[in-house]
Each structure stands twice: as structure tokens, then as C-alpha cells.
Amino acid sequence: MRESVNSTWIAFNHPLEGRLPFMYLDTRSFVTTGMGNIIEPRSTAEALPWYDQNTGDTASIDEIDDAWDLVKLRTDLSQLGGGAFKNITSLRLTDAAIDDLIFSKLFEMERYLERRAHFRDFQNWPADAQLGLLSMAWGMGPAFNFPRFQAYVSERRWADAATECRFNPDVGTIKVRNDRNQQLFNNAALVEELGLDPSELLWPARTAPSKEDFGLVCRLEADTTAERALDVRAAFDVEMQFSVDPTGFTRGYGGPNQGGHQGPNWYIQYGMDLGAQTGTAVYAAFDGYVTRYTPHNPAQDHGGVYGAQIFMRHSNNMMGGFYTHITNVPGYIGVNSQVARGDFLGTVVSFGGISPHLHLALVEIIGNQYVGVDLYHLFLELETIYAKYYVPVRFMQDGTPPVPQWGRMQGKR
Ligand SMILES: [Zn+2]
């Protein structure tokens, strides 16, 4: 497989499978570990480097067998999710051992797939199509029989393959996987249609920004607002959703620290340029209240400074965001107005020769420090495959990056 597929695999698969360092039963009551890795027969489990989490000692074959037998009997827990098995055994795998397990399964699947007649040209497929096929095989085994899908991919009819790649039961995380796989085959179609580099993944965005486009020339006058002193340190979650209407979304033009997104101000340095057709609706990405508002005055648009500017904070005053390059901001928006996630904030405005986009920057406020955060990848996914969902993001309050809580992703009402 292509290097870009290999290096993205764990990030791609993690939200769909979770990752557990102990033995558990999957919903079909197979003993499983890691990222949905079935360890049957028992000799498969014996071959792994288990250790006892209480003593740190390497587990013996007898201890592994005992743990495996214990887990195998607990069919009463098999429908509760792998987490229910956390305290059943004390044997654990290290992160590195789990990675090894994941990649050995992935490479084994790849070898199997490329021997199948319809997939013989697999190594020459666009990276997105490779990732899509591997994802299907991971979800249902590499011997699946989808005649129409197989015929389409053998003719490199990627867009047609996208319509035939979903597998059942098409609910829950399998539905999310199906959505992603469908997106991947559509991406592959685009790669060949536009003559893009097949070794690069377009996922998760719909299209890849060219190097020159990275980080448009968003600029602003320096913020002179006095910063409030705060000292609250408990981690907290904020629900996030897409911010430009996905029907008008075009592509990501670059995230934090790319191109023109440079310090010292967080609202420029941590900007995400979410490309969208002029006039595309912009919505609040999270609940908050407006702390500062500069209406759009077309006469003052210049350089990279154009459109209305809205600074917003979560009600706990521990994170915030900044939106610009918008117009048609509703009249109720002003300092202190309350805004709920999903509320309309205006429409994307274009200026000069700059590709139209929303500039959205996010910050965590730790004590009295403003620490910009990089959630660009999350937002590209929210604009493309997860448009119907919102995802809680955990802000740690300790200076480490915020963490999307994929396991608690929810469909929007
Ligand atoms: Zn920008």
C-alpha cells in the first residue's frame, strides 16, 4: 500500500474500533483485543507479549490461557462493548504491541486482497481507494463477495464503486465506516479526474489543497482588548459541529501555522481556512457568547482584512473562537449576545482575488493565557463525512492539545 495509507491507518481506524489493551469478547463472542483484532484460536493470544498490569511481569503461557478461557466464558458481557471486560483479567498489551498487531493484520489483509482477481492492480490504485478497500476488508474480512463493487473497481470506476461499497449492518460505527469508505472512493474518482498525485490521500477533505494555497493571506489588526485573569483548571468538554454549510464547502485551504497563519496572535496563527462558495451560510461551531464584534463595512475591506469579525467565548470562559470573512451577520449579534451551536452567523464573503473561505480560529484559555488549538483535521471531517454529527472535544486545561471524544459523537437532531 502507499505510504500515506500506511501512516494514516491508525488515525483512520481508531474512532471506528476503539482501542483496548486487554482481552474482550466482540459482539459475536470472539475473543478480541487491540483494535478489533480477533485472537482465536487461543494459540494466537499465546503469541502476543502480554504482561500483568499489577506486577509488570511478562505473562506465562498458562496465565494467558487462563485469561483467555475466563474471557471466552463471559458471553453475558459480549453485547456491552469491550470496556466491560476491563476488570475481568489483569493482562495487558503495550501500545507498541497493539500497533504491531494492527499492522500485521493490515499487511496480511493486503496480501490476501491483492491476490484476488478484481484487486490485482491494488498497488497502483489512488491512495484513497486503497484506504477504502482496506477499511472494507477490516470491517468484514478480506474475502467479502460484492460482485458489482468488484467489477467496478477492476475497471477503476471509483464513483460507481462508491455506491456499492456499504456493508451491513449499516448502523452505528459501521455506518460511520461506510460513510468514510464511500467518501474515499469518491475521492479516488476525483484524483483520477483531476490528475492529482495518486500517492497522496485526499481524505478527510474532499480535495487536496495545493502547496501554494496553504494558509491564505488572512490578516487582522492587533487585538488590544484587555485579557481577563482566570485560573480554573478542570478539563471540560465542548460540543463541536461544522461551521460552513457543507453543501457550499469546497476544500481546506490550510490550518494553524500554515502559510499566512503565523503568530503572535492566536486568532491568526490558529486559523483554519474552510473554503466555501461565496454566500455559503456560516454557523456557530459551539455554544458561547459574543465578546467582541466588528460589523462588515465593505469600504474598509483591504488586503487580508475583510468581512465581519466575531470573537466568541464558551460560557465557562475557558475556550473561545474567532470567525471572520463573513457578511450578512444577523442583527441580534453584538457584544454579550448568546449564540448556540448551529446558530446562523452570516455568509461567506469574498474579497479581491482571495479564494472565498471562512477563517475560524479556536483558543483554549488557561488561567490568563490564550493557547491556540489545532482542530483543523476535525473540522475537515465535520465538513465532509461527519456533517450530520457533533463531537464533544475535551479541553485539558494543562496545555496539551484538545482531544475529540469520537466515542461520544452524536447525530444531530
Ligand atoms: Zn485564514
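This is a predicted model: local features need pLDDT of at least 70, side-chain atom pairs count only at pLDDT 80 or more; totals for chains, interfaces and linings use all residues.
1. Which residues of α6 are buried? In this helix, which covers residues 147-154, they are F149, Y152 and V153. Look down the axis of α6 and you'll find these buried residues within an arc of 95 degrees, so they line one face of the helix. After α6 comes R156, which has a positive phi near 55 degrees.

2. Stepping back to the whole chain, there's a division into three parts: domain 1 takes in 1-110, domain 2 takes in 115-203, and domain 3 takes in 212-411. If you want a sense of the layout, the C-alpha centres of domain 1 and domain 3 are 39 Å apart.

3. Now have a look at α1, residues 3-17. This helix has 15 residues, and from its first C-alpha to its last it reaches 22 Å, close to the expected 21 Å. Where does α1 bend? The bend is at W9, and it comes to about 45 degrees. W9 is also one of the buried residues of α1, along with V5, F12, N13 and P15.

4. What covers those buried residues of α1? The cover includes α4 (95-114) and α5 (127-140).

5. One partner of β15 is β8 (residues 271-276): the two run antiparallel and are joined by five bridges. In that pairing, G275 stands opposite H357 of β15.

6. β15 also pairs with β12, residues 319-327. How many bridges join β12 to β15? There are six, and these strands run antiparallel.

7. Finally, follow β15 along to β16 (residues 369-373), an antiparallel partner joined to β15 by five bridges. Here L362 sits opposite V373 of β16. The hairpin of β15 and β16 has two residues between the strands, and in this hairpin G367 takes a positive phi, near 60 degrees.

Note on methods. Residues are numbered from 1 along each chain as its sequence is written. Domain bounds come from an automatic or database domain assignment. Helices (H or I, at least four residues) and strands (E, at least two) are DSSP runs, numbered from the N terminus. The expected span of a helix is 1.5 Å times one less than its number of residues. The bend at a residue is the angle between axes fitted to the seven residues ending there and the seven starting there. A residue is buried if 20 or more other C-beta atoms lie within 10 Å of its own, exposed if 12 or fewer, and partly exposed in between; C-beta atoms are placed from the backbone. Two residues are in contact if their C-beta atoms, placed from the backbone, lie within 7 Å. Two strands pair if DSSP finds at least two bridges between them. The arc is that of the directions from the helix axis to the C-beta atoms.
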